[in-house]
Amino acid sequence: MKVALVPVLRFLLTAAIAVLLTACGPRPVIVVDEAAASVGEVQRVFVGTTRQRDPETRFGAERSGDLAFARYDVSVPPAHETGRIEWPRQAPDATQHFIATEEVLFQGVGEFRRDLRQALLTRPVGKRVAIIYVHGFNNTFSDGVYRLAQMSHDFGLPDVAVHYSWPSAGSALGYAYDHDSVLFARDGLEELLSVVRSAGANEVLLVGHSIGAQLVMETLRQMAIANPRSLDRQVGGVVLLSPDIDIDLFRQQAARIGDLPQPFAIFSSDRDRALRLSARLTGRTDRLGNVTDPEILSDLEVTIFDLSEFSDGPVGHFSAATSPALIRILKLAPGIEAAFANDPSGRAGLIPGTVLTVQNATQVILNPAAAGVQ
């Protein structure tokens, strides 16, 4: 009886995730309209993907052993609300909705690298930084492209935005498939990282959300095993947003990587409902994205940003990108590392909140009251 009950419980938990993370009806897709460029503020997103081509969604859930390249210029509408993606409806309106103004499907890595190099050359010498965003669980191709456009706009990011779209099932019932896809997609992320560096990026920041953080860590681990010095040249910093990683596994990954790229930031919340469900599905009580006690990671050189007070909504799984108040606070700091560089007392003047340093780990507890700071 107990054995038979296990799959039932897992199904119910997975169904709960479906209720929390998806809306009724079909998932939106990218809409292309050149005229939208004159209406909204255009954000350019470069894409490397290990998804197979799909005639309806451009790139679908099936896995591809070859890395494909694309670019999307996305118009963010004048009516945009911070933290939201205003998806196009049956009648897309450039004043109200995210709309792609241009789509480029590159024939190969050479074309992609040349276009990316041109974008990097528009930045000042020494400040040609690229951000590679790795999406999380239950994401379609469109989800990731528009999310990075939204984050680039809302944070006012001056860096070149690159999206790594790995083959998620794009379904709340595809948790096992996504876990396997993370392992499948490691080589593609490593290849994309190398291409971005060879295009002329002075520095690359890796940003992984949810289970995408697992993909980031696994890729860093395999790079460190192949060439321990490669990370110093390839990665200029890591940000893990609500990372869906077992804590013991993370510690083992970090040990094998050795010196973690710096800065290394973990955005966590003990109110993240999606991670609570993930913990129950995996039979563990905690995930890295639920960590709020710096003692657990005290021997690692990491900065933990506790977003618990901002984890509102039905899930609270992506507050760093969706909470208007939190976005306003984080925009006050030109960089995670700079927030601590000139503050020997351990208190950050640029990121408001309570700061605690335990051995090598630093915890920053962000306070919603600081959202009113001008």
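This is a predicted model: local features need pLDDT of at least 70, side-chain atom pairs count only at pLDDT 80 or more; totals for chains, interfaces and linings use all residues.
## Overall make-up

The chain holds twelve helices and eleven strands. Of its 374 residues, 54% are buried. Taking contacts between residues at least 6 apart in sequence, 75% of them join residues at least 24 apart.

## Nonpolar cores

The largest nonpolar core consists of 56 residues, and Ile132, Tyr164 and Phe250 have the most contacts inside it. Helix H6 gives the most to this core, contributing eight residues. Another core lies apart from it and has 32 residues, including Val76, Trp87, Ala100 and Phe141.

Tyrosine 164 can be described by its contacts, with neighbours within four places in sequence left aside. Its partners are then Gly48, Thr50, Leu67, Ile132, Tyr133, Val134, His135, Ala185, Gly188, Leu189, Leu192 and Leu215. One of them, Ile132, also belongs with Tyr164 among the residues with the most contacts inside the largest core.

## Helices H6 and H8

Two packed helices are described by the angle between their axes and the distance between the axes. For H6 (residues 211-226) and H8 (residues 247-257), the axes come within 8 Å and cross at roughly 30°. The angle falls under 35 degrees, so H6 is roughly parallel to H8. The crossing of H6 past H8 is left-handed.

On the H6 side, the residues in contact are Gln214, Met217, Glu218, Leu220, Arg221, Ala224 and Ile225. They meet Leu249, Phe250, Gln253, Ala254, Arg256 and Ile257 of H8. Sorted by class, this contact has eight nonpolar, two polar and three charged residues. Phe250, on the H8 side, is also one of the residues with the most contacts inside the largest nonpolar core.

## Helices H2 and H5

The axes of H2 (residues 109-121) and H5 (residues 186-198) come within 9 Å, with a crossing angle of roughly 50°. H2 and H5 are therefore oblique to each other. H2 passes H5 in a right-handed crossing.

From H2, the residues Val109, Phe112, Arg113, Leu116, Arg117 and Leu120 take part; from H5, Leu192, Val195, Val196 and Ser198. The classes in this contact are seven nonpolar, one polar and two charged residues. Leu192 of H5 is also in contact with tyrosine 164.

## Histidine 209

Histidine 209 is located in strand S6 (residues 203-209). Its relative accessible area is 7%, so histidine 209 is buried. Histidine 135 is 74 residues away from histidine 209 in sequence, yet their C-alpha atoms are 5.4 Å apart in space. Histidine 135 is also listed among the contacts of tyrosine 164.

## Backbone features

Glutamine 262 and proline 263 are joined by a cis peptide bond, with omega about 0°. Proline 263 sits in the loop between H8 and strand S8 (264-268).

Arginine 58 is not a glycine but has a positive phi, about 75°. This residue is in strand S2 (residues 58-76). Arginine 58 counts as buried because its relative accessibility is 18%, and the cut-off for buried is under 20%. Asparagine 138, another residue other than glycine, has a positive phi near 60°. Asparagine 138 is placed in the loop between strand S4 (129-134) and helix H3 (141-155). With a relative accessible area of 4%, asparagine 138 is buried.

Key: Residues are numbered from 1 along each chain as its sequence is written. Side-chain values use heavy atoms; hydrogens and water are left out. Axes are lines fitted to C-alpha atoms, for helices over the stretch in contact, and angles run from 0 to 180 degrees between N-to-C directions. Helices (H or I, at least four residues) and strands (E, at least two) are DSSP runs, numbered from the N terminus. Angles under 35 degrees count as roughly parallel, over 145 as roughly antiparallel, 65 to 115 as roughly perpendicular and the rest as oblique. A crossing is left-handed if the near helix is turned anticlockwise from the far one by less than a right angle, and right-handed if clockwise. Contact means heavy atoms within 4.5 Å. Ala, Val, Leu, Ile, Met, Phe, Trp, Tyr, Cys and Pro count as nonpolar, Asp, Glu, Lys and Arg as charged, and the others, Gly among them, as polar. Buried means under 20% relative accessible area, exposed over 50%, partly exposed in between (1.4 Å probe, protein chains only). A nonpolar core is a set of buried Ala, Val, Leu, Ile, Met, Phe, Trp, Tyr and Cys residues joined through side-chain atoms within 4.5 Å.
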